[in-house]
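Visitor: I am new to this structure and would like to learn how to read it, one feature at a time. Could we begin with a single residue and work outwards?

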Amino acid sequence: MRRRALITGAAGGLGKALAWEFASRGWDLYLTDITKGSLEILASGVKRAHAVDVLWSTADLSSQEGRAGLIATICAAGLKFGALVNVAGYDLEGAFRGRDQDSLVSLMRVNMEAGLVLTHALTEMRDGWEPLRVVNIASLAAFFPMPYKATYAASKAFVLSSSLALREELRGQATVTVLCAAGMPTTPNCLEAIDAQGLMGRLTTRNTSDVSRATYNAAIRGRPVVIPGWINRVLLMVSRLVPKPLLASLLGRRWGTTGERERSVPMSVVQSSTQGSPASPAARRAG
Amino acid sequence: MIRESVGPVVLSGGTSGIGKATVACLLAKGVDVIAIGRDASRCRSVEIELGVRYPERTLGFVVADLGTTGEVRRAAAAVARLLQERWDHSLSGLGGLVNNAAMVSTWRMVTDEGYEKQFAVNHLAGFLLTHELLPLLERGSPGRVVTVSSGSHRHTAINWRDPMLSHGYTALRAYKQSKLANVLFTAEFNRRYARTSGVRAYAFDPGLVRTDIGCKSSSGLEHLVWRLRSRSRGASAPELPARHLASLTVDPEIENPDAYYRELDRAGVADRAGRDPISASRLWALSEQLCKEPAPVVL
């Protein structure tokens, strides 16, 4: 029997890679993102390369109406799902005081609420007796208090924590896997950011397709956490020995100079699925 | 010497490296050019620079990023429009097509369709552009299709299980695969069309050239190796291959016209993998599949 995966934030770098990974394993897809043009192009590419059915619709997951609209559309079509991949998420460049209040709230809406609401809804719409495979996208930033990325890092910590908890609570109905990646090379901006870090950037970075494959395999096996790249795992282990306030101060100093610089430039929104690595000020834009 | 009243030649990747030098050579030979470039301001500056040098010739630019099939189709339509607007109606065809645009990327990048970028830009774009422009090429003198390949097509194979190299991507592997695809495309094109349409295809090996193709989106070791190689003594300036590329595209007589693999001005022999007819027809079918016109499905 054919299975279908719902992928949010599908038009971003990681979303595209996960859509291809699921399609290459024979899954039908339902793709959503905020913009129509790129979804349409992606859907046609996936369909030509893999013999799967691809549906898509646009949705603004930062609003209650947008999320309800998406769920209503899916319900009306009578679709059932075997997997939910919550990729939609983003970060804003610039320090806390440089962002307006609405954009901070909107970021939390997409990064935190959207995944939860869809997990709640799709557990009911799952396909047969198989558990729903839920994939949530956190970040290495989820493990650290991060000055200059405070809201983003905390929203990812929320994703990590709720994923691990829900995984136990939903046993039998859903498996929850959370991806905690560092920067990924998806756009020319990300490449610049990775280059700017020199060797560290090269070592912590993984191709998006490799990250997607690891994530898919973990989701199918029901594993809890995916951290791609051994160096990222080592960095994480070492950082656990450092008290959190000290860690925040160290990271603050590392990110601070970039934060100062950014205060003078206009704010820009980084596309969906942005990950940040604590070791890499420049990786803020990578994802 | 060129064929008489030859129509304009279309060339992709015309704003830098071998492409730009070839545009200049074609204009110098008395051939008009429609070049395709990604960056509007670079297109504009090359158009002005070469327009001043060759005022008696017409050079048109089409701005398009050949990364997606939609953009390639749009570029082909823009070429046809430009041809109608700016050229004499007695020359309703194209004098030739040079598939030159290519890129290298250290990290695995994908296009909006999700295709691996080197495969999409270096191979699929040329494949589709040739298809879209074929009627105009047939009406031309008839025109030749020259795809800039490379000696890098040797000692590699198409990864049939994973042509987009989702797993185990390296810049060189993807580049070599795309250049082998250029050779296979050329061979299969001739098998299918050379006799019926009169349009012949050639794969051109420019040798080691001092261009920055390998430096544009690479980093670290690849960047360094590319810089060293392209600055080495064996590397030529882009003007040398450009001269031969222009001749191969428009000269009425070329030596040994049946040899589809060309090393500068000589007929060369492609690698065994590039001469395999089964691979060639398999790649053709795959490319057709990947370039199919989309049928929209919206919920």
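**Reading the model step by step**

Guide: Let us begin with B:H155, which sits in the loop between strand 5 (144-148) and helix 5 (171-197) of chain B; helices (H or I, at least four residues) and strands (E, at least two) are DSSP runs, numbered from the N terminus. This is a predicted model, in which local features need pLDDT of at least 70 and side-chain atom pairs count only at pLDDT 80 or more, while totals for chains, interfaces and linings use all residues. Residues are numbered from 1 along each chain as its sequence is written, chains are lettered from A and ligands numbered from 1 in the order in which they are written, and side-chain values use heavy atoms, with hydrogens and water left out.

Visitor: What is the phi of B:H155, and is this residue buried or exposed?

Guide: As a general idea, most residues other than glycine have a negative phi. B:H155 has a positive phi, near 55 degrees, although it is not a glycine, and it counts as exposed because its relative accessibility is 72% (buried means under 20% relative accessible area, exposed over 50%, partly exposed in between, with a 1.4 Å probe and protein chains only). B:N256, in the loop between helix 7 and strand 7 (261-263) of chain B, is another residue other than glycine with a positive phi, near 50 degrees, and at 43% relative accessibility it counts as partly exposed.

Visitor: How should I read a helix, and which elements do the buried residues of helix 1 of chain B pack against?

Guide: One can compare the span of a helix with the expected one, which is 1.5 Å times one less than its number of residues. Helix 1 of chain B (residues 17-28) has twelve residues and reaches 17 Å from first C-alpha to last, close to the expected 16 Å. Nine of those twelve residues are buried, so the helix is largely enclosed by the rest of the structure; among them are B:I18, B:V23 and B:L27. The buried residues pack against strand 1 (9-12), strand 2 (33-37), helix 2 (40-53), strand 3 (59-63) and helix 7 (239-250) of chain B, where contact means heavy atoms within 4.5 Å. After helix 1 of chain B comes B:G30, with a positive phi near 90 degrees.

Visitor: In what order do the eight strands of the open sheet in chain B lie?

Guide: Two strands pair if DSSP finds at least two bridges between them. In chain B the order is 3-2-1-4-5-6-7-8, with mixed pairing. Strand 3 and strand 8 (266-267) of chain B are at the edges with a single partner strand each, so one side of each has no neighbour in the sheet. Strand 1 and strand 2 of chain B run parallel and are joined by four bridges, and B:V9 has B:V33 of strand 2 as its bridge partner. Helix 2 of chain B lies across strand 2 and strand 3, at about 175 degrees to strand 3 (axes are lines fitted to C-alpha atoms, for helices over the stretch in contact, and angles run from 0 to 180 degrees between N-to-C directions).

Visitor: How many strands has the open sheet of chain A, and in what order?

Guide: Chain A has an open sheet of seven strands in the order 3-2-1-4-5-6-7, with parallel pairing. Its edge strands, strand 3 (54-58) and strand 7 (225-226) of chain A, each pair on one side only.

Visitor: Which residues touch the most other members of the largest nonpolar core?

Guide: In soluble globular proteins, nonpolar side chains tend to be buried together. A nonpolar core is a set of buried Ala, Val, Leu, Ile, Met, Phe, Trp, Tyr and Cys residues joined through side-chain atoms within 4.5 Å. The largest one here has 76 residues, of which A:F22, A:L29, A:L31, B:L94 and B:L133 touch the most other members. Helix 4 of chain B (residues 117-139) gives the most to this core, with eleven residues. A second, separate core of 31 residues includes B:C43, B:V46, B:Y54 and B:A246.
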